[in-house]
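Open the model in your viewer and keep the sequence panel beside it. The stops below are given in the order in which to select them.

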Amino acid sequence: KKFVGNRNAPQQRMLVVIDAMGAQPAGMDPVVDEGVNSVLDEALRHRDPMVMYRALVAVARRGGTSAPKSLAKLAKSKDQIVKRAAIIALLRTQADDSGSRALKPLELAESGESVVRQAAAIGLGDRGGDEALEVLHRLIEDEDWRVRAEAIRSVIRLRDRSSIPVLIDGLGRAKGRLTADFHAALLRLTAKDLGLAAGRWRIFWSKEGETFQVPSSEVVAKAMEERAKRKEDSESSVAFYGISVLSEAFVLVVDTSGSMNAIVGDGKTRLDVAKEQIAKTLNRVADGVLFNVIPFANGARPLTDGLAPMEEVAREEALAYVEILREAGGTNIYDSLSAAFEDERVDTIYLLSDGAPSAGELTDVMALRAEVERWNSTRGILIHAIAV
């Protein structure tokens, strides 16, 4: 507690301590509970937003706190990241009989704020039951794609057959990134891979729906392992380093540091291969899709200020910009990801690098990852990390 209360203590060590507290389930031992709660209560009062956020995550993870008033105050914060984390912590720490002032996920699901509905989806996934599923199925049709994505994750956790036709209908309406989310959910609830088109799923459900039983986690794991061994992408599909590009609002964040000049075969450097992959992707992206390319070395050098719609001129300019990229400088992952997060429309990021960060505001891997996790808690961006 004294260490966490020290405002000059190293942040990285602070996060290790807080995460260790979160790993102690509430109610296991009264002495441990008292000690852990005192440490986390101190962290909730910390000025560093990262420390406060991780303390909220730790409280939610362990399911207990001795400072419910602090959580209630933070749940009204103007900081959307803090607000969402505090609501989730409250939902996971309050008992069923905690009184009329307790947060109710069914009511939160009707909020006008996206982050509150996101938290409600998580709370409903924790709660389970027919009523919770009914509301989650409604949130799968929410106007905000981030709420829809959170609701999809919750119905995966609940593994109820009633969610399958809802997910099939959602797949039929989905565009871009959410197509992959719906497809992944159906795979995890059925252990079948019938593709990204809803038609085949509808045929399957019309034939087997009445008698279908959700398979065990072991069966699903085996199906996913077999799927991973197959080559999904046809020659005509859009991909980056073999990863499908289904998003309609994505960013390619590409390392151009000096170490990218290493020869990897046929006389080509790592950057040569990366440029070929970028060009292949950009040539296949459909007109109208929002995109950006952010090369980085000592700093980030975005192609455009935020996302731009793909069209003939934009494609030519992007390809010309990529062609002149050269290897030089350090590896500033912090600034490049920060630039990728600036446009609120981004839902998918592809991060390509050949080494650890060596430049920018954060170079410690743990601290950098923690900061990106905090940014992304309310954004729901899918981040593909590609190491070369």
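Which helix gives the most to the lining of the second largest pocket? H18 does, with six residues. Helices (H or I, at least four residues) and strands (E, at least two) are DSSP runs, numbered from the N terminus.

**Before selecting anything else**

This is a predicted model, in which local features need pLDDT of at least 70 and side-chain atom pairs count only at pLDDT 80 or more, while totals for chains, interfaces and linings use all residues. Residues are numbered from 1 along each chain as its sequence is written, and side-chain values use heavy atoms, with hydrogens and water left out.

Colour the chain by pLDDT, the predictor's confidence in each residue, from 0 to 100. The mean for the protein chain is 91, and 96% of its residues reach 70 or more. Confidence is lowest in helix H14 (residues 217-229), at a mean of 83, and highest in strand E6 (residues 290-296), at 97.

**Stop 1: the second largest pocket**

Select Ile333, Leu337, Leu351, Arg369 and Ala385; of the 18 lining residues, these lie nearest the centre of the pocket. A pocket here is an open set of points on a 1 Å grid over the protein atoms alone, where a 1.4 Å probe fits, with protein on both sides within 12 Å along at least five of seven lines; lining residues have an atom within 4 Å of a point. The volume is about 430 Å³, taken as the space filled by probe spheres set on the points, which are joined across faces, edges and corners.

Next, show helix H17 (333-341), strand E8 (348-353), helix H18 (365-376) and strand E9 (382-387), each of which supplies at least two residues of the lining. By class, the lining has 12 nonpolar, three polar and three charged residues. Ala, Val, Leu, Ile, Met, Phe, Trp, Tyr, Cys and Pro count as nonpolar, Asp, Glu, Lys and Arg as charged, and the others, Gly among them, as polar.

**Stop 2: helix H17**

Stay on H17 and select Ile333, Tyr334, Ser336, Leu337, Ala339, Ala340 and Phe341, the buried residues of this helix. Buried means under 20% relative accessible area, exposed over 50%, and partly exposed in between (1.4 Å probe, protein chains only). Seven of the nine residues of H17 are buried, so the helix is largely enclosed by the rest of the structure. These buried residues pack against E3, E6, E8, H18 and E9, where contact means heavy atoms within 4.5 Å.

**Stop 3: aromatic rings**

Rings of Phe, Tyr and Trp (its six-membered ring) pair if their centres lie within 6.5 Å; planes under 30 degrees apart count as stacked, over 60 as edge-to-face and the rest as tilted. How many aromatic pairs does this rule give? The count comes to nine. Select Phe250 and Tyr350: their ring centres are 6.3 Å apart and their planes stand at 90 degrees, so the pair is edge-to-face. The pair links distant parts of the chain, with Phe250 in strand E3 (residues 249-255) and Tyr350 in strand E8, 100 residues apart. Both Phe250 and Tyr350 are buried.

Then move to Trp201, Phe204, Trp205 and Phe212, which form one aromatic cluster.

**Stop 4**

Beyond residues up to four places away in sequence, Thr281 touches Val238, Ala239, Phe240, Val245 and Leu252.

Go on to Gly329, in the loop between helix H16 (312-323) and H17. Gly329 is partly exposed, at 42% relative accessibility. Its C-alpha is separated by 8.4 Å from that of Ser259, 70 residues apart along the chain. Leaving aside neighbours within four places in sequence, Gly329 is in contact with Ser257, Gly258, Ala297 and Asn298.

**Stop 5: two positive phi values**

Most residues other than glycine have a negative phi. Select Arg159, in the loop between H10 and H11: its phi is near 50 degrees, a positive value. Arg159 is partly exposed, with a relative accessible area of 25%. Finish at Ala191, in the loop between helix H12 (177-190) and helix H13 (198-208), where phi is near 65 degrees.
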